[in-house]
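Hi everyone, thanks for making time for this. Please have a look at the sequence and the model on the screen, and then I'll walk you through a few places in it.

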Amino acid sequence: MKNHVFLIISIALLAGCTASKEGEQEAANPAATILLKDFAPEVINNIPKTHVERAKFDIIDMHAHDYASSEEEIAQWTKTMDRVGVLNTAVMHCSWIGRPFEEYVEAYAPYKDHFKFWCCFDYTGIDGEEWPECGIKALERCKQLGAVGIGELGDKGEGDTYARPADGKDIHINDPRVKPLIEKAGELKMPISIHIAEPYWMYLPMDATNDGLVNAVTWHVDTTNCYGYDKLMETFENAVRENPKTIFIACHYLNMTHDLPRLGKLLDKYPNLYFDISARVAESAHTPRATREFLIKYQDRVLFGTDNGMDAEMYQNIFHVLETNDEHFYVPEYGYHWALSGFNLPDEVLKKLYHDNAYRILTEYR
Ligand SMILES: [Zn+2]
């Protein structure tokens with residue numbers, strides 16, 4: 001009995017001692033207190049880290065915007081393009097709240113060898129009696145002013161939210177009112193670049209299971225009063241199917257980097273569909289083998305795009321992923337907590353992705 005009492009007291013003391021130590025350890029354990037948003041790991045591995053100063057082949061950048069706010073900035077941009085190997089850049093007027101189309105064409109005119117102009121659909125008068133003639137006329141006018149394509153149109157659920165000058169609310173790409181413009185675009189040999197939906201994490205619950213949580217919170221889509229992901233994909237597929245003579249460029253891998261086989265099925269079905277890789281480096285370079293395989297398989301349908309400003313480093317970060325076999329590196333600007341790895345794309349694929357596919361669309365298609 002005495003022994004039993006002693007044993008019980010000893011266990012109690014021991015347990016108390018352990019509990020307090022655990023409490024202290026818990027308080028001192030950074031893994032339990034560091035927030036995901038503050039996670040900024042540094043790679044310690046002794047592995048290759050390649051700096052790609054200039055792209056291996058000449059580039060046509062099919063996705064950028066009217067970033068430069070002065071002639072000096074435009075001039076600086078062209079210098080950076082020359083340095084990193086970009087021949088010319090699509091400056092997309094839609095989605096950029098700024099000057100009217102003709103003003104920006106004028107602003108870039110002294111450097112027009114470096115830039116291609118893209119315009120919006122003008123929905124002014126879409127419910128009036130002069131539609132679609134007035135919409136077609138606006139498109140023809142842009143073409144005369146030098147526009148080579150249309151975009152970036154954008155539908156995140158509420159219609160063409162990037163539209164200028166008229167509001168594109170509730171105007172989705174498969175809207176019968178838009179069809180005459182899409183057909184005209186085909187006739188004028190102007191490809192349509194369009195942003196549909198957002199990366200899939202933005203639609204999932206904002207909780208600890210959300211793999212893309214850090215960025216998903218910023219770009220979270222509330223679909224209560226608008227089209228959700230699948231509905232948007234349906235509108236897009238309808239438009240692509242119903243307008244086979246018009247080329248569509250789905251921006252950002254059609255926001256399907258999480259499900260490339262689904263994008264592959266669409267590419268298999270519709271020869272008038274292309275996609276650009278812009279602004280989805282981080283969303284694809286954490287699955288380098290699957291993405292590499294996909295880019296090799298669809299090497300005739302992929303287009304280079306940036307959509308991310310004018311800095312040399314911005315371009316070089318993309319080259320690093322596309323060209324090298326480096327693994328486990330971080331690009332903090334992309335925001336995600338995961339590490340990236342390079343695709344090490346074969347030269348013939350790189351050449352098509354960087355240049356040849358875009359060249360074909362902008363010359364032969366025209
Ligand atoms: Zn864009």
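Into which domains is the protein divided? There is domain 1, covering 1-33, and domain 2, covering 52-363; the bounds come from an automatic or database domain assignment. The C-alpha centres of domain 1 and domain 2 lie 59 Å apart.

Two notes on how to read what follows. This is a predicted model, so local features need pLDDT of at least 70 and side-chain atom pairs count only at pLDDT 80 or more, while totals for chains, interfaces and linings use all residues. Residues are numbered from 1 along each chain as its sequence is written.

Now the overall picture. Along the principal axes, the C-alpha atoms fill a box of roughly 100 × 45 × 40 Å. The protein has 13 helices and 10 strands. Both are DSSP runs numbered from the N terminus, with helices being H or I of at least four residues and strands being E of at least two. Of the 366 residues, 42% are buried. Here a residue is buried if 20 or more other C-beta atoms lie within 10 Å of its own, exposed if 12 or fewer, and partly exposed in between, with C-beta atoms placed from the backbone.

What about contacts? Two residues are in contact if their C-beta atoms, placed from the backbone, lie within 7 Å. Among contacts between residues at least 6 apart in sequence, 77% join residues at least 24 apart.

Next, two helix pairs. The axes are lines fitted to C-alpha atoms, for helices over the stretch in contact, and angles run from 0 to 180 degrees between N-to-C directions.

For the classes, Ala, Val, Leu, Ile, Met, Phe, Trp, Tyr, Cys and Pro count as nonpolar, Asp, Glu, Lys and Arg as charged, and the others, Gly among them, as polar.

The second pair is helix H3, residues 71-84, and helix H12, residues 312-323, packed at an angle of about 30° with their axes 10 Å apart. That makes H3 roughly parallel to H12, and the crossing of H3 and H12 is right-handed. Thr-80, Arg-83 and Val-84 in H3 meet Ala-312, Tyr-315 and Gln-316 in H12. This contact has 3 nonpolar, 2 polar and 1 charged residues.

On to the backbone, where I'd like you to look at some peptide bonds. A cis peptide bond joins Gly-151 and Glu-152, with omega about 5°, and Glu-152 sits in strand S4, residues 147-155. The bond from Arg-164 to Pro-165 is also cis, with omega near 0°. Pro-165 is in the loop between strand S5 (159-160) and strand S6 (168-169).

His-252 has phi of about 60° and is found in the loop between strand S8 (248-250) and helix H9 (260-269). Is His-252 buried or exposed? It counts as buried, with 24 C-beta neighbours inside 10 Å. Ala-279 has phi of about 55° and lies in the loop between strand S9 (273-276) and helix H10 (281-284). Ala-279 is partly exposed, because 19 other C-beta atoms lie within 10 Å.

Pro-48 is in the loop between helix H2 (30-33) and strand S1 (59-65), and Pro-48 is exposed, with 11 other C-beta atoms within 10 Å. Cys-226 is in the loop between helix H7 (213-219) and helix H8 (229-242). Leaving aside its neighbours within four places in sequence, Cys-226 is in contact with Gly-157 and Glu-158.

Terms used: Angles under 35 degrees count as roughly parallel, over 145 as roughly antiparallel, 65 to 115 as roughly perpendicular and the rest as oblique. A crossing is left-handed if the near helix is turned anticlockwise from the far one by less than a right angle, and right-handed if clockwise.
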